[in-house]
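Me: I'm new to this structure and would like a close look at a single part of it. Could you walk me through the salt bridges, and tell me how buried or exposed their partners are?

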Amino acid sequence: MLVFWEQRLVFLATPKTGSTAVEAALESLAAVTITRPPLLKHTTVHRFQRFIGPYLRAASGHDFQTVALMREPRDWLGSWFRYRTRQAVDETKATRGMSFEDFVRAYASDPQPAFADVGSQERFLRPKQDQGIDHLFRYEEIDRFVAFLEERLDCEITLPRLNVSPPGQTELSAEGEALLRSACARDYELYDSLS
């Protein structure tokens, strides 16, 4: 999470949407940078609106707008799957040796096994009491997001490639694709609403 005090803007770091690259590029411009632990780095919109937003409003006398990215749900889940194939991932959360189809089945199950418990973008971005994200951009249209930040922060921005998931196979059968669409229905609804 990055707080830009003068611009009254907060970047909320949706997991697996390039947040590490955004932080690396903009950390020096932020008044507050929270990169660790992951629970704080990836503060949800609900937690921001409940705890941090009111504090910023009380301290500054102004409302802060929020900005975030959302990734196409299948691509987002595929990124999690590939990320967890790395050797550094704890065995209970590792996806090494399994297919993406198996990962999707596990993600759609209840309860989810630890390796498939990666949350949901929709839950991360879900507004409470009509207090959602002010500016939500598609990860696949990151140029629009960068242009928005360049205008708000009055600087040129170049995003590095950091914390990229390793390559891997993410094919799905028609049944697997349907299961993913069902498990991620609310994510797709939110993603499809973005213009």
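Reply: Happy to! Let's begin with Glu141, which counts as partly exposed at 29% relative accessibility; that class lies between buried, under 20% relative accessible area, and exposed, over 50% (1.4 Å probe, protein chains only). Glu141 forms a salt bridge with Arg144, with the closest N and O atoms 3.3 Å apart. The term stands for a side-chain nitrogen of Lys or Arg within 4 Å of a carboxyl oxygen of Asp or Glu. Arg144 is partly exposed too, its relative accessible area being 41%.

A word on the background: this is a predicted model, in which local features need pLDDT of at least 70 and side-chain atom pairs count only at pLDDT 80 or more, while totals for chains, interfaces and linings use all residues. Residues are numbered from 1 along each chain as its sequence is written, and side-chain values use heavy atoms, leaving out hydrogens and water.

Across the whole structure, a search finds ten salt bridges. One of them joins the side chains of Lys41 and Glu23 at 3.4 Å, N to O. This pair links distant parts of the chain, 18 residues apart: Lys41 sits in helix H2 (residues 38–41) and Glu23 in helix H1 (residues 19–26). Helices here are DSSP runs (H or I) of at least four residues, numbered from the N terminus. Lys41 counts as buried at 10% relative accessibility, and Glu23 is buried at 5%.

Arg57 and Asp63 also meet through their side chains, at 2.4 Å, N to O. Here Arg57 is partly exposed at 34%, whereas Asp63 is exposed at 55%. Finally, Glu101, Asp102 and Arg105 are linked in a network of salt bridges.

Note on methods
Helix = DSSP H or I, 4+ residues; strand = E, 2+ residues; numbered from the N terminus.
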